[in-house]
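Student: Could we go through this structure together? I would like to begin with the charged contacts and then turn to other topics.

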Amino acid sequence: MVQKGAPLHKGATLRKITTHWKVHNHSMTIQSEKVDLGARSCISSRVDMEGVNGKSVGHLFENISSFVRQCIFSVLNVGPVPSHIAFIMDGNRRYSKKQNLLDGDGHRAGFSALINMLKYCYELGVKYTTVYAFSIDNFKRRPGEVASLMKLMQEKIDELTQEESIVNRLGIRIYFQGNLKLLSDCVRSAAERAMVKTSGNSRAVLSICVAYTSTDEIVHAVQESCEEIWDDIRKREVNNAEGNFVGLKENGKDENEHRVGLTDVDRHLYMSVCPDPDIIIRTSGATRLSNFLLWQSAHCLLYSPTALWPEIGLRHLIRVILDFQRNFLYLKAKKKQS
């Protein structure tokens, strides 16, 4: 027993010091945790504020951009505005290499450019928009690349038909034009679903050319025209065999009406749902049509900006519209002569 006022034993002193150090250390740990939690809370609040401020700034920028576009388009609408613009979306792979992106990211950037261009065309008052998405010749690429593009195409088709997508917000009807039998089952099904889902939209029309070439379209139209005429001839022969002798003259038709004409081919083209394009825009600076809308492009304006497809923007559209307005009377006169 230690008496009051007597010096502490060395072991007791050591235990007391150790206990005091543990209590002090625990206190410091609690205080440190409090400081750490406070710092985390402060950082979290700052990040939240930055996120809110970022959204606000982005929303403000979009409103300003929309207002500027409305002003520009109001001026452009004083002159003639094309009813149909077609795009050859060239340069996605080159853009990917130029920006050192992963495979497929160039096409994703191209899809964003397409959405923006759709919005601009709609705001300007262009009723019909057509894009060359995938040529029949593209099936000759490496199987892995084709499979990757088909997967990406299915993903983007499904994205286009979502309820909150730009297609439904703007009331755009989608058509897929081309030899759709060449597509994989999943992509063809996605395309068919998209056409059904947007069939009620009527404010604008987007035609997406996939598994398409113009020569294939023309051959298809001629075949359909021939089959239609042969069906008519067979019906007449059946009537004659049954004793209802109906000749060409009695049927109100002469021999020339059983020949394939321009109007027959026009009626059976994939692109018969749209008028001929007023403008064809091909990005990346190339001036060839690459087997795209050869039948329909006899009297349209061709524009080839050097920008790759993901780089195309509002300035390119404004420039080609001004060029179209300068040449409008000439193009109109050429159409009348044909």
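**Salt bridges and other contacts**

Tutor: Arg267 forms a salt bridge with Asp264, and their closest N and O atoms are 3.4 Å apart. A salt bridge here is a side-chain nitrogen of Lys or Arg within 4 Å of a carboxyl oxygen of Asp or Glu. This is a predicted model, in which local features need pLDDT of at least 70 and side-chain atom pairs count only at pLDDT 80 or more, while totals for chains, interfaces and linings use all residues. Residues are numbered from 1 along each chain as its sequence is written, and side-chain values use heavy atoms, with hydrogens and water left out.

Student: How are Arg267 and Asp264 separated in helix H8?

Tutor: They are three residues apart in helix H8 (residues 262-268), so about one helical turn separates them. Helices (H or I, at least four residues) and strands (E, at least two) are DSSP runs, numbered from the N terminus.

Student: Is Asp264 buried or exposed?

Tutor: Asp264 is buried, at 14% relative accessible area, whereas Arg267 is partly exposed at 42%. Buried means under 20% relative accessible area, exposed over 50%, and partly exposed in between (1.4 Å probe, protein chains only).

Student: How many salt bridges does the count come to?

Tutor: The count comes to 19 salt bridges. One of them joins Arg69 to Glu123, with the closest N and O atoms 2.7 Å apart. Arg69 lies in helix H1 and Glu123 in helix H3, so this pair ties together parts that are 54 residues apart in sequence. Arg69 is buried at 5% relative accessibility, and Glu123 is partly exposed at 30%.

Student: Changing topic, how many aromatic pairs does the structure hold?

Tutor: There are seven aromatic pairs. Rings of Phe, Tyr and Trp (its six-membered ring) pair if their centres lie within 6.5 Å; planes under 30 degrees apart count as stacked, over 60 as edge-to-face and the rest as tilted. The rings of Tyr132 and Tyr212 have centres 5.7 Å apart and planes at 90°, so this pair is edge-to-face. It links distant parts of the chain, with Tyr132 in strand E2 (residues 128-135) and Tyr212 in strand E4 (residues 204-212), 80 residues apart.

Student: Which residues do ring pairs link into a cluster?

Tutor: The cluster consists of Tyr132, Tyr212, Tyr270 and Phe292. Tyr132 is buried at 7% relative accessible area, and Tyr212 is buried at 0%.

Student: And which residues lie nearest the centre of the largest pocket?

Tutor: Met89, Asn92, His107, Tyr132 and Ala133 lie nearest its centre, among 34 lining residues. On a 1 Å grid over the protein atoms alone, a pocket is an open set of points with protein on both sides within 12 Å along at least five of seven lines, and lining residues have an atom within 4 Å of a point; a cavity is a set where a 1.4 Å probe fits but cannot get out.

Student: Which helix gives the most to that lining?

Tutor: Helix H4 does, with six residues in the lining of the largest pocket.
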